[in-house]
Amino acid sequence: MTVYAYVDGPLGEMLLVGRLAEGGRAVLRSLSLPGQKGAVEVDDGWTRAPEAFAEVAGQLGEYFAGRRDRFDLPLDSDAGTEFQRRVWRALEEIPYGTTVSYGEIARRVGSPGAGVRAVGTAIGRNPLLVVRPCHRVIGADGSLRGYAAGLDRKERLLGLEGAPV
């Protein structure tokens, strides 16, 4: 069963989508921000279940308050292609408060050189903004590039983490 909830945050009202697991807890499939390119839209067959996302909402609140630097949540591992999942796992390894280049992510997943574009595309399809920290990936020259929810939000997230921008 697909469930969803809305959670307020400093970047706007976030849409959380997941599947209901045992114990009534949601396995997070998507976190979308208002105005995000490619954002998920609520489907008529989904069930609104804010209680299923209590843990997600709590960890997001801690993160935005500066009291959490890593998320420990059940995430849907069925999304994306094998390549996208490799890229997304590499994102999860970027330490809080740091940034890496798209080229570095490409190197880490074994696709240096021309693979940088494919890595950028995979990062752009990350369904879990904030939780899977694609905002920590920047251009080789240190510039902010490509964030589905807008560069202003990317800059705010990096500023929250104390990362150099």
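Guide: Buried means a relative accessible area under 20%, exposed means over 50%, and partly exposed lies in between, with a 1.4 Å probe and protein chains only. This is a predicted model, in which local features need pLDDT of at least 70, side-chain atom pairs count only at pLDDT 80 or more, and totals for chains, interfaces and linings use all residues. Residues are numbered from 1 along each chain as its sequence is written, and side-chain values use heavy atoms, with hydrogens and water left out.

Visitor: What makes Val130 a buried residue?

Guide: The relative accessibility of Val130 is 1%. That value falls under 20%, and therefore Val130 is called buried. Val130 belongs to the loop between H4 and S6; helices (H or I, at least four residues) and strands (E, at least two) are DSSP runs, numbered from the N terminus. Val130 also has a positive phi, near 75°, although the residue is not a glycine.

Visitor: How do you know whether Cys134 is buried or exposed?

Guide: Cys134 has 3% relative accessibility. Since this is under 20%, Cys134 is classed as buried. Like Val130, Cys134 lies in the loop between H4 and S6.

Visitor: Which annotation does UniProt give for Cys134?

Guide: The unreviewed UniProt entry marks Cys134 as "active site". UniProt positions are given in the numbering used here, feature names are shortened, and annotations may be inferred rather than shown by experiment.

Visitor: Which residues does Cys134 contact, leaving aside its neighbours within four places in sequence?

Guide: Contact means heavy atoms within 4.5 Å. By that test Cys134 is in contact with Leu91, Ile123, Asn126, Leu129, Tyr147 and Lys154.

Visitor: How do you know that Lys154 has no salt bridge?

Guide: A salt bridge requires a side-chain nitrogen of Lys or Arg within 4 Å of a carboxyl oxygen of Asp or Glu. Lys and Arg count as positive and Asp and Glu as negative, while His and the chain ends are not counted. For Lys154, the nearest side chain of opposite charge is that of Asp141, 10 Å away. As the limit is 4 Å, Lys154 therefore has no salt bridge, although the residue is buried. Lys154 is located in helix H5 (residues 151-161). Among its contacts beyond four places in sequence are Tyr102, Cys134, His135 and Tyr147.

Visitor: What makes the buried residues of H2 lie on the same side of the helix?

Guide: In helix H2 (residues 82-92), the buried residues are Gln84, Val87, Trp88, Ala90 and Leu91. They lie on the same side of H2 because they cover an arc of only 155° around the axis, the arc being that of the directions from the helix axis to the C-beta atoms. These buried residues of H2 pack against helix H3 (102-108), helix H4 (115-124) and strand S6 (137-138).

Visitor: Why are S3 and S4 said to stand at the edges of the sheet?

Guide: The open sheet has 4 strands in the order S3-S2-S1-S4, with mixed pairing. Strand S3 (26-32) and strand S4 (47-48) each have a single partner strand, so one side of each is without a neighbour in the sheet.

Visitor: How do you know that S2 and S3 are paired?

Guide: Two strands pair if DSSP finds at least two bridges between them. Strand S2 (residues 14-20) and S3 share 6 bridges, and the two are therefore paired, in the antiparallel sense. S2 and S3 form a hairpin with 5 residues between them, where Gly23 in the turn shows a positive phi of about 80°. S1 and S2 are likewise antiparallel, joined by 6 bridges, and Val3 stands opposite Gly18. In their hairpin, with 6 residues between the strands, Gly12 has a positive phi near 115°.

Visitor: What makes S3 mostly covered?

Guide: Of the 7 residues of S3, 6 are buried. In S2, 5 of the 7 residues are buried.

Visitor: Why is Tyr6 called partly exposed?

Guide: The relative accessible area of Tyr6 is 32%. Because this value lies between 20% and 50%, Tyr6 is partly exposed. Tyr6 is part of strand S1 (residues 2-7). Beyond four places in sequence, Tyr6 contacts Glu13, Met14, Leu15, Val42 and Arg48.
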